[in-house]
Amino acid sequence: MEGLKMDFISSEALENASSMEKIYMIIEKVKKGAVVVMEGGLSPSERAELIETTMREIDVENFVGIDVHTLEKNSSSFFGFSKKKTVVITIIGPANVMKTVKKQSNLLSMVADLNNG
Amino acid sequence: MSFFDFLINLFKRNKKVSIGLYGHPNSGKTTLANQIAKDWTGKDIGSASNIPHETRTVLKQEKIVIKDGENELDFDIIDTPGIATKIDYQNFLEFGLEEDEAKERAKEATKGIIEAIKWLDDVTGVLLVVDATTDPLTQTNITIIGNLEARNIPFIVVANKIDMEDANPNRIVSVFPQHTVVPVSALNGEKTDELYKVMFKKFN
Ligand SMILES: Nc1nc2c(ncn2[C@@H]2O[C@H](COP(=O)(O)OP(=O)(O)OP(=O)(O)O)[C@@H](O)[C@H]2O)c(=O)[nH]1
Ligand SMILES: [Mg+2]
């Protein structure tokens, strides 16, 4: 049984990266079996691009795609009118490794399947 | 009718309305597209199936006109392949597909998802079809909604499969409180009249 690799990426590390660079960095790591834990979230167009890139990279034998999970916090705007949720942590991993993910409001727990990775 | 209204109508007539059906595999997009097409043109659009990723290329039905008294909506239906972040061909084996068929289906499904995402640039309105028996807060739904908002594309969240015992359309309302949610059963046509009413308002 091999171990599970986890990569933690700070938001600073991504500050100057273009969307494409971000997405390729994530996919490269996930394709090798790592679970990426990223500070902050992706924009809607980056999320769509992430799905598109994943679809291009799927090969039926070795890489079946990704699972994405997020933890949010409530951030009320300056006037306190709109309660928007901001993503603080994004977790992206190989779909066949991220077996059980349970999410309650503030807690996300994952069980990795190491036989598949 | 004022001259201004006249101009608006003229403009509307020239603007083509393309309504995309988006959502997870198996949420009932094709079933709903067929129901709408059957109600207003008498024929089906595509094949529906309990095996996920049944629709693997975008299907288009041009010129559907729905009417209700004064209201009229003239549009093309774009039925898109279900969007997912993963596709494991082994899941198809459980439905009795041969290994080769299953792998081919998986490959086609990946292409279909890319095509569905590309079509977000071309639709003028969207019905986001959500299976009301499942958790609505998913990567797929969040990504679709985020992209529609960013593009200012009007959309309706369709809480589908309300005929099923474990359907919970209220859960969909509670996670998307700022959006219009319409519960229906695409399979037996329950409450689709409500949906048409909301479509006149949203997409005209
Ligand atoms: N009970 C019930 N079943 C439904 C309803 N709508 C769709 N279904 C069933 O759900 C399954 C999937 O329906 P489809 O219309 O093929 O789903 P889809 O969203 O087009 O799926 P893909 O093309 O794979 O993305 C089929 O077995 C349908 O009969 C509904 O309102 N009620
Ligand atoms: Mg379909």
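A residue is called buried here when its relative accessible area is under 20%, exposed when over 50%, and partly exposed in between, using a 1.4 Å probe and protein chains only. Keep in mind that this is a predicted model, where local features need pLDDT of at least 70, side-chain atom pairs count only at pLDDT 80 or more, and totals for chains, interfaces and linings use all residues. Residues are numbered from 1 along each chain as its sequence is written, chains are lettered from A and ligands numbered from 1 in the order in which they are written, and side-chain values use heavy atoms, with hydrogens and water left out.

**Stop one: chain B.** Select chain B and colour by secondary structure. You'll find seven helices and six strands (DSSP runs numbered from the N terminus: H or I of at least four residues for helices, E of at least two for strands). With a radius of gyration of 17 Å, close to the 17 Å that the globule rule gives for 204 residues, chain B is as compact as a globular protein of that length. That radius is taken over C-alpha atoms, and the rule is 2.2 Å times the number of residues to the power 0.38. Of those 204 residues, 50% count as buried.

**Stop two: the metal.** Now pick ligand 2, a magnesium ion, and show what surrounds it. Which residues coordinate the ion? They are B:T30 and B:T55, each through OG1, at 2.0 to 2.1 Å. Donors are N, O and S atoms within 2.8 Å of the metal (3.2 Å for Na, K and Ca); water is not among the atoms, so the site may look incomplete. B:T30 sits in helix α2 (residues 29-41) and B:T55 in the loop between α2 and β2 (59-68), so the pair ties together parts of chain B that are 25 residues apart in sequence. Are these two threonines buried or exposed? Both B:T30 and B:T55 are buried.

**Stop three: chain A.** Switch to chain A, where you can trace three helices and six strands. Follow the chain along its sequence and the pattern reads β-α-α-β-α-β-β-β-β. Of its 117 residues, 40% count as buried.

**Last stop: A:E46.** Zoom in on helix α3 (residues 44-57) of chain A, which holds A:E46. This glutamate counts as buried because its relative accessibility is 7%. Show its neighbours: leaving out residues up to four places away in sequence, A:E46 touches A:S19, A:K22 and A:I23, contact meaning heavy atoms within 4.5 Å.
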